Amino acid sequence: MHKIEENIKFVRDEIEKNSLRTEKDIRLVAVSKGQNYSAIKSAYDAGQKIFGENYLQEALEKKKFLENLDIEWHFIGPIQSNKCKLISENFSWVQTVDRIKIANKLNQYRALEIPLNICIQVNISDENTKSGISLNDVNQFAKVISNLKNLKLRGVMAIPSKVNQSQALISQYKSLRDLYEKLKISYSSVDTLSIGMSSDYLLAIENGANLVRIGTKIFGAR
Ligand SMILES: *Cc1c(COP(=O)(O)O)cnc(C)c1O
């Protein structure tokens, strides 16, 4: 069996075991940044249909070779406002929205009839990382997005800070999960809690994640 196929199967099995326990449907996004289109094709042939990319130019290059495949593309990288048009035209989801200006532009340029699925990127660590809005600002931001007709608010996304203790990670997850549960009550479209990467996806699932973004565990080191 091809290595990528083997990895997909392994990750899926692990997720399956956990989702049985949590009785939830867990979505797996294969993060293909730094991988070529044939690696993506291998994963696709192994049944993987959702892929995440961080860099617009790189994603567009690869998409040219994968046009006929039924892939759901998620944008998961930092967003510059001059890239909003192409992002809104080429992706089904954008998981890293953390500025109103960006939300407005994605809405403005989304020409497809199906709305663009949006996750608000939240900064859940105390570090001064640049990406993500603070927990306190999410409600206000969610209200803005929910009023943009070409966007559909699906949930929240975060990249926890790297810590060695699982207890510290769990407290980061918890703040996001609480927020997610509240948003779900206010917005019927909200159904996505996106946390968990190669090194922490099982712990993230145990703590409420229903979408995980995995690169290294599927494709190998970048
Ligand atoms: C690169 C990346 C991932 C995947 O990371 P791995 O550790 O390789 O699984 C997930 N989410 C985001 C936002 C990323 O940039």
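**A covered strand and its surroundings**

Modeller: Strand β2, residues 50-53, is covered on both faces: I50 and G52 on one side are buried, as are F51 and E53 on the other. Buried here means under 20% relative accessible area, exposed means over 50% and partly exposed lies in between, with a 1.4 Å probe and protein chains only. Strands (E, at least two residues) and helices (H or I, at least four) are DSSP runs numbered from the N terminus. The model is predicted, so local features need pLDDT of at least 70 and side-chain atom pairs pLDDT 80 or more, while totals for chains, interfaces and linings use all residues. Residues are numbered from 1 along each chain as its sequence is written, and side-chain values use heavy atoms, without hydrogens or water.

Strand β1, residues 27-31, runs parallel to β2 and is joined to β2 by two bridges, at least two being what DSSP must find for strands to pair. A30 has F51 of β2 as its bridge partner.

G77 is in contact (heavy atoms within 4.5 Å) with E53, N54 and T96, leaving aside neighbours within four places in sequence. The loop that holds G77 lies between β3 (72-75) and α4 (84-90). G77 counts as buried because its relative accessibility is 1%.

Beyond four places in sequence, I120 touches Q95, V97, I133, V138, F141, A142, I145, L153, G155, V156 and M157. In soluble globular proteins, nonpolar side chains tend to be buried together.

Lastly, K217 provides a contrast in setting. Helix α9, residues 216-219, contains K217, and this lysine counts as partly exposed because its relative accessibility is 37%. Apart from residues up to four places away in sequence, K217 touches N7, F10, V11, S198 and Y201. K217 and Y109 are 108 residues apart in sequence, and their C-alpha atoms are 34 Å apart in space. In short, β2 is buried on both faces, G77 is buried and K217 is partly exposed.
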